[in-house]
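The entries follow the order in which I went through them.

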Amino acid sequence: MSNVAETDVLPLIDLRGTDDAALRAGLPRLQASTSTEHQSVVANILKMVREGGATAVTALTEQFDGVAVPSLRVPAGAMVEALEGLDADVRRGLEVAIERARTFAADHKPAPTTTTFGPGASVTMRWEPVRRVGLYVPGGLAVYPSSVVMNVVPAQEAGVGSIALVSPPAKDGSGLPHPTILAAAQLLGVDEVYAVGGAQAIGALAHGLDTDADAGLDTALEPVDLITGPGNVFVATAKALVKGEVGIDSEAGPTEIAIVADASADPKIVAADAISQAEHDPNAASVIITWDEALVDVFRSATWERAQHTKHSERVLTALSGPQSGIVLVDDHDAAIAAANHYAAEHLELLTEDPEADAQLITQAGAVFLGAYSPVSLGDYVAGSNHVLPTMGTARYASGLNVTTFLKAVQEIRYDRAALAEVAEHVVALSSAEDLPAHGEAVTARDL
């Protein structure tokens, strides 16, 4: 039984009477790790992988995961066996998730557009898929076949032709990732899967691995161009360190939920949704924003009571009583919306009298869930949206994983002789102003 008392859960953060700057500064937030120790450890791991290849990866996996992996690449037979052994209800759930995620991704794939400036003068924007991507699916405290879906589907819909998936080996003696992870990959047609996690997995994807029979790597792991998917602090640090050598989607932190709730909200729903994200991680953030002082004790009591009986109670209560969680009390509805925008939550729920109207006021959130029948857990699995979302306030400038993550915009410029002649003097004038006369000469050298 946890020693967390009811009064410790969702501590009150009273921001009434504050100006906008103080409101922003007063919101609870887990501080991002800037540990030079983490960076040093991860930099060393990446160096070991770069220099030692597959042999170093297997040694690091045994050191950090406690698992001796006989083959880094998962054999095809193990993938087929995992899918054949998958629970029928889980398979159907994954199939629904895949179908809806695929429909959503396909609907948002941008089409080429052409802008015409006059006869013979046009610029086209077309979108090309990233050539090869590496997808990280975490292990640790839970198993995430849904993350396989959320990473793979938009990559496939973007047209990515080469996908490598990495996931830590399970601690079941098999030397393989969890069978549900393998089943989800097989269901999606991803056959290049590796039993490796942590910073060493990011290094392997970024730098590639040569063939190594002793490590069960008969075919080289080709370096990727883009790495996506969430992970722990070591994974996030590794992604930050390889950024520039390869693209990354984000440096994700622990999950978070913010709930704007008024007197129309059912306390049981507020409690259930706050707990649903807190069960991910002791560092997960659950923040409730309200302007009704009478609801503070109601929400706290309902959450504490429900937390006593959930499976991962100790983990949940640790998260709910941490500095990253709390009930934020503000002056009024407008201040609640302002607080939600300042917080820029990964997941934002609107449990208010008019969530449709309130949603139009939200400009900063990874995903917004409207009303009592749109819980975050719906988005985690089968809503059709993507659950790989910006954390730690990065929704101020970043987007959730989507089909455009895996696309590059390529511009095509088409000017004929007359169209170039029409603007030639402008090129010459501007190149002269920048003291780059050869730029202008590249135009006047032509027969115009």
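**Entry 1: the model.** I am working from a predicted model, and I keep that in mind for every entry here.

**Entry 2: salt bridges overall.** I looked up the total and found 17 salt bridges in the structure. I then went through some of them one by one.

**Entry 3: D14 and R16.** I noted a salt bridge between D14 and R16, with 2.7 Å between the closest N and O atoms. I checked how accessible each partner is. D14 has a relative accessibility of 38% and counts as partly exposed. R16, at 33%, is also classed as partly exposed.

**Entry 4: D266 and K268.** I found these two side chains joined in a salt bridge, at 3.3 Å from N to O. D266 is partly exposed, with 29% relative accessibility. K268 has a relative accessible area of 54%, so I listed K268 as exposed, the cut-off being over 50%.

**Entry 5: R300 and D297.** Here the closest N and O atoms of the salt bridge are 3.1 Å apart. Is R300 buried or exposed? I have R300 as buried because its relative accessible area is 11%, and buried means under 20%. D297, in contrast, counts as exposed at 54% relative accessibility.

**Entry 6: a network.** Which residues are linked in a network of salt bridges? I wrote down R126, E128, E412 and R414.

**Entry 7: aromatic rings.** I searched the whole structure for aromatic pairs and got 0. I did find a charge placed over a ring: R29 lies over the face of Y343, 4.2 Å from the ring centre.

**Entry 8: second largest pocket.** I looked up the second largest pocket and noted about 160 Å³ of space. Its lining is made up of 14 residues, and those closest to the pocket centre are F104, N386, G400, L401 and N402. I also sorted the lining by type: 6 residues are nonpolar, 8 are polar and none is charged.

**Entry 9: recap.** R300 is buried while its salt-bridge partner D297 is exposed. The lining of the second largest pocket has no charged residues.

Note on methods:
Residues are numbered from 1 along each chain as its sequence is written. This is a predicted model: local features need pLDDT of at least 70, side-chain atom pairs count only at pLDDT 80 or more; totals for chains, interfaces and linings use all residues. Side-chain values use heavy atoms; hydrogens and water are left out. On a 1 Å grid over the protein atoms alone, a cavity is a set of points where a 1.4 Å probe fits but cannot get out, and a pocket is an open set with protein on both sides within 12 Å along at least five of seven lines; lining residues have an atom within 4 Å of a point. Grid points are joined across faces, edges and corners, and a volume is the space filled by probe spheres set on the points. Ala, Val, Leu, Ile, Met, Phe, Trp, Tyr, Cys and Pro count as nonpolar, Asp, Glu, Lys and Arg as charged, and the others, Gly among them, as polar. Rings of Phe, Tyr and Trp (its six-membered ring) pair if their centres lie within 6.5 Å; planes under 30 degrees apart count as stacked, over 60 as edge-to-face and the rest as tilted. A charge sits over a ring if NZ of Lys or CZ of Arg is within 6 Å of the ring centre and within 35 degrees of the ring normal. A salt bridge is a side-chain nitrogen of Lys or Arg within 4 Å of a carboxyl oxygen of Asp or Glu. Buried means under 20% relative accessible area, exposed over 50%, partly exposed in between (1.4 Å probe, protein chains only).
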